[in-house]
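Please look over the structure below before reading the notes. The briefing takes it topic by topic.

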Amino acid sequence: MNNIFILRKDIDPWIKRMAEERTVFAPVHEGDAVVYRACDSGLRVELDTMPTTSPKEIVFPQNETLLTYTRGSGNEDGSVGVETTETLPSGKAVIFGTRPCGARGLLIFDQVYNNERIRDAYYAARRENTLTITIACNRPRPTCFCNSVGGAPDDSKGSDIMLYPLDDGFVAEALTSGGEELLALAPSSPAGEKAVKAKAKAGQAIETMGSPMDLSEVRKKFDLCFTDLAFWEKHSGKCLSCGICTYLCPTCYCFNITDEGSEEKGKRLRSWDNCMSFNFTAEASGHNPRSAKAMRLRNRIGHKFVYYPELHEDRLACCGCGRCITACPSSVDIRNIVKAVQEYSHE
Amino acid sequence: MNVLETMKKCIREALPDLDMVMGWEQGFDTLHATPLFMETAEDVDRLILGPTCVQSLAVHLPSLKGKKIGVVVKGCDSRAVVQLLSENLLNRENLVIFGFGCDGVVSLSRLKKKLGALDFIESAEKKDDRLCIEINGEQQDLPFDDICAPKCLTCSRPNAIISDHFAGPQRTPRIPAKGKTALEKFEEKSLPERFDFWKAQMQRCVRCYACRDSCPMCVCRDHCVAVSRNPHFVSQEATASENFMFQLIHVMHLAGRCVSCGECERACPMDIPLGLLRAKSTEVTSALFNQEAGLDQEAVLPLLSFNIEEETIEEHD
């Protein structure tokens, strides 16, 4: 498809035009964090660093009201009815300025919530009405490892529009018909030779990343080290068992359901859950199969690098964005743990 | 022998009688230290001491009860150890404390606000009262006071206040700069302004509970009121008001116990200024009970004791 060039100063009018029809979620600074917020202009938008939060919240919000309920009148048999109202999301959205890893995260979500086997009505309603505009990475961070998990700094999979950065603007390419419609709203000029230059720059970025990690033995070795609790205790010792890695992760998709409100009225809420929390597997009996953080961190690694690939044609449930490394208060580095599994030998 | 080598020597000598010693090693770049759990003499080689050693390792101690543990502490970390001891949450005889005099630690949040993203850091070194760092190919030379953790600006106890081994010289406590504290400045705002401020901050909270889990005094761990289902005290909805509710429960539970280590604020991935809430609770408890947490191992918590007449509380008729 045709490549066009959008000046940095024209991002603002472009977002304004898109925002007339859709909610545009773009990264903005709040404190020292960069978070996705609904924007009706491009003035505060931050497009040069990896956002602190991931774009998953736009299609899978931290809190989703599944239904609301009120207590009904009494029935003849003495029972009390409940009236429920479904609350399906509506409205169109744009994710503006994710990185290729964030777009990949959404593809990992699709395998779970919206595919031939399963259609989660709430997820699908958002996902099918959301277009993704991705910025290629010219300079991957030292904590980035997308090249180890099947991605790349210029990977266009899962994106409707790719933006390839240059100093004064972006070469833009629409990859879907939805992307073309959005791109038509941007003040632009033909990209000409800039297209080749910008794409080459993004294409070369992978060379700055070092060689991909060898994950060839991880699934086999994981089975071997699964019951070696000392191994997992060693690697989880400094972990605080908080939820930062999970909540900032573009691919962690687990949720919890609680009824919030009173006996008279309230809502059924779906909220993000995280497998690093004790409550995640606490059973009503009082038993907890993952009572120690070592077991919980083992699960986090296992889910991403073993269980998910077994279910989904060998694809990993990690997009290599490195958020779990940079945001961890203890600087736990998932790459080191996966490497230790790969190199595991039982004595 | 410099401080680090002295410390390594102390640890190597003590290690045979211990299950492990907790310290720090370099993390994924020169601005990030990561906790190091030393079990062998070779592990000790990786130890670092310096302005990136931000984590309070005291947070791990209650969960290691029953083992013989060594822990390296800065002044502020040592107050957490004292407080845990005073609450009978640790056995002193199973604990070996390696103290040193701390020169202050870096706040990545303040550094980010000065320099922008910190992704491409080449080197970072503290030279006297400056931090010299090479970032994005450029040399930056910053006054340490501009980028240190806020707690270090007013640190009155840079030296471990409890220790079995102390490496290197004692550091001189800071004389707090004249002028208003962050809390005093904040409290000059009107009530609606303060409430609007917190609403905006709390909107960002993702309820990851890193503030709780990095807190050495948050010892409920797996049984926190915030995630209790039965009774269902706190809504799981991560809205500004519910998040604020959780944060206020957290701060109330720490009243008279908070040792002002600042770990909650440092751990927060969303840069929410939780230290302000802690500072307020400390101000109130110290005014009411003339007490400061984490200084006296024999002290009884003000909220765990009862006096017919409190010295500092004027009784109603």
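This is a predicted model: local features need pLDDT of at least 70, side-chain atom pairs count only at pLDDT 80 or more; totals for chains, interfaces and linings use all residues.

Chain A carries 12 helices and 12 strands. Its radius of gyration is 22 Å, close to the 20 Å that the globule rule gives for 347 residues, so chain A is as compact as a globular protein of that length.

**Chain A overall**

- The C-alpha trace of chain A spans about 70 × 65 × 40 Å along its principal axes.
- Of the 347 residues in chain A, 45% are buried.
- Take the contacts in chain A with a separation of 6 or more: residues 24 or more positions apart account for 70% of them.

**Where chain A meets chain B**

- Chain A gives 35 residues to the contact, and chain B gives 33 residues.
- On the side of chain A that touches chain B, the elements giving two or more residues are strand S3 (33–39), helix H9 (244–248), strand S11 (255–261) and strand S12 (265–272).
- That side of chain A has 13 nonpolar, 16 polar and 6 charged residues.

**Helices H8 and H10 of chain A**

- Two packed helices are described by the angle between their axes and the distance between the axes.
- In chain A, helix H8 (residues 229–236) packs on helix H10 (residues 293–311) at an angle of about 85 degrees, and their axes are 8 Å apart.
- Angles of 65 to 115 degrees count as roughly perpendicular, and H8(A) is therefore roughly perpendicular to H10(A).
- H8(A) brings A:Leu229, A:Trp232, A:Glu233, A:His235 and A:Ser236 to this contact. They meet A:Lys293, A:Ala294, A:Met295, A:Leu297 and A:Arg298 of H10(A).
- By class, the contact of H8(A) with H10(A) has 5 nonpolar, 2 polar and 3 charged residues.

**Helices H8 and H10 of chain B**

- In chain B, helix H8 (residues 191–202) and helix H10 (residues 240–253) pack at an angle of about 100 degrees. Their axes lie 8 Å apart.
- H8(B) and H10(B) are therefore roughly perpendicular to each other.
- From H8(B), the residues in this contact are B:Trp198, B:Lys199 and B:Met202. Their partners in H10(B) are B:Ala240, B:Asn243, B:Phe244 and B:Gln247.
- The residues of the contact of H8(B) with H10(B) divide into 4 nonpolar, 2 polar and 1 charged.

**Helix H12 of chain A and A:Ile334**

- Which residues of H12(A) are buried? They are A:Ile334, A:Ile337, A:Val338 and A:Val341.
- Seen down the axis of H12(A), these buried residues fall within an arc of 95 degrees, so they line one face of the helix.
- The cover over the buried residues of H12(A) includes helix H7 (218–225), H8, H10 and helix H11 (323–326) of chain A.
- A:Ile334 lies in H12(A), which covers residues 334–342.
- A:Ile334 has 23 C-beta neighbours inside 10 Å, so it counts as buried.
- Not counting residues up to four places away in sequence, A:Ile334 touches A:Cys324 and A:Ile325.
- A:Ile334 and A:Phe278 are 56 residues apart along the chain, and their C-alpha atoms are separated by 20 Å.

**A:Thr134 in strand S7 of chain A**

- A:Thr134 sits in strand S7 (residues 130–135) of chain A.
- Is A:Thr134 buried or exposed? It is buried, because 29 other C-beta atoms lie within 10 Å.
- Leaving aside neighbours within four places in sequence, A:Thr134 is in contact with A:Thr98, A:Arg99, A:Pro100, A:Ala103, A:Ser159, A:Met162 and A:Leu163.
- A:Thr134 and A:Asp10 are 124 residues apart in sequence. In space they are 16 Å apart, C-alpha to C-alpha.

**Two asparagines of chain B with positive phi**

- Most residues other than glycine have a negative phi.
- B:Asn88 has a positive phi, near 60 degrees.
- B:Asn88 lies in the loop between helix H3 (75–86) and strand S4 (95–100) of chain B.
- B:Asn88 counts as exposed because it has 7 C-beta neighbours inside 10 Å.
- B:Asn290 also has a positive phi, of about 50 degrees, and is not a glycine.
- B:Asn290 is placed in the segment after helix H12 (274–289) of chain B.
- With 12 other C-beta atoms within 10 Å, B:Asn290 is exposed.

Note on methods: Residues are numbered from 1 along each chain as its sequence is written. Chains are lettered from A and ligands numbered from 1 in the order in which they are written. Helices (H or I, at least four residues) and strands (E, at least two) are DSSP runs, numbered from the N terminus. A residue is buried if 20 or more other C-beta atoms lie within 10 Å of its own, exposed if 12 or fewer, and partly exposed in between; C-beta atoms are placed from the backbone. Two residues are in contact if their C-beta atoms, placed from the backbone, lie within 7 Å. The radius of gyration is taken over C-alpha atoms; the globule rule is 2.2 Å times the number of residues to the power 0.38. Axes are lines fitted to C-alpha atoms, for helices over the stretch in contact, and angles run from 0 to 180 degrees between N-to-C directions. Angles under 35 degrees count as roughly parallel, over 145 as roughly antiparallel, 65 to 115 as roughly perpendicular and the rest as oblique. Ala, Val, Leu, Ile, Met, Phe, Trp, Tyr, Cys and Pro count as nonpolar, Asp, Glu, Lys and Arg as charged, and the others, Gly among them, as polar. The arc is that of the directions from the helix axis to the C-beta atoms.
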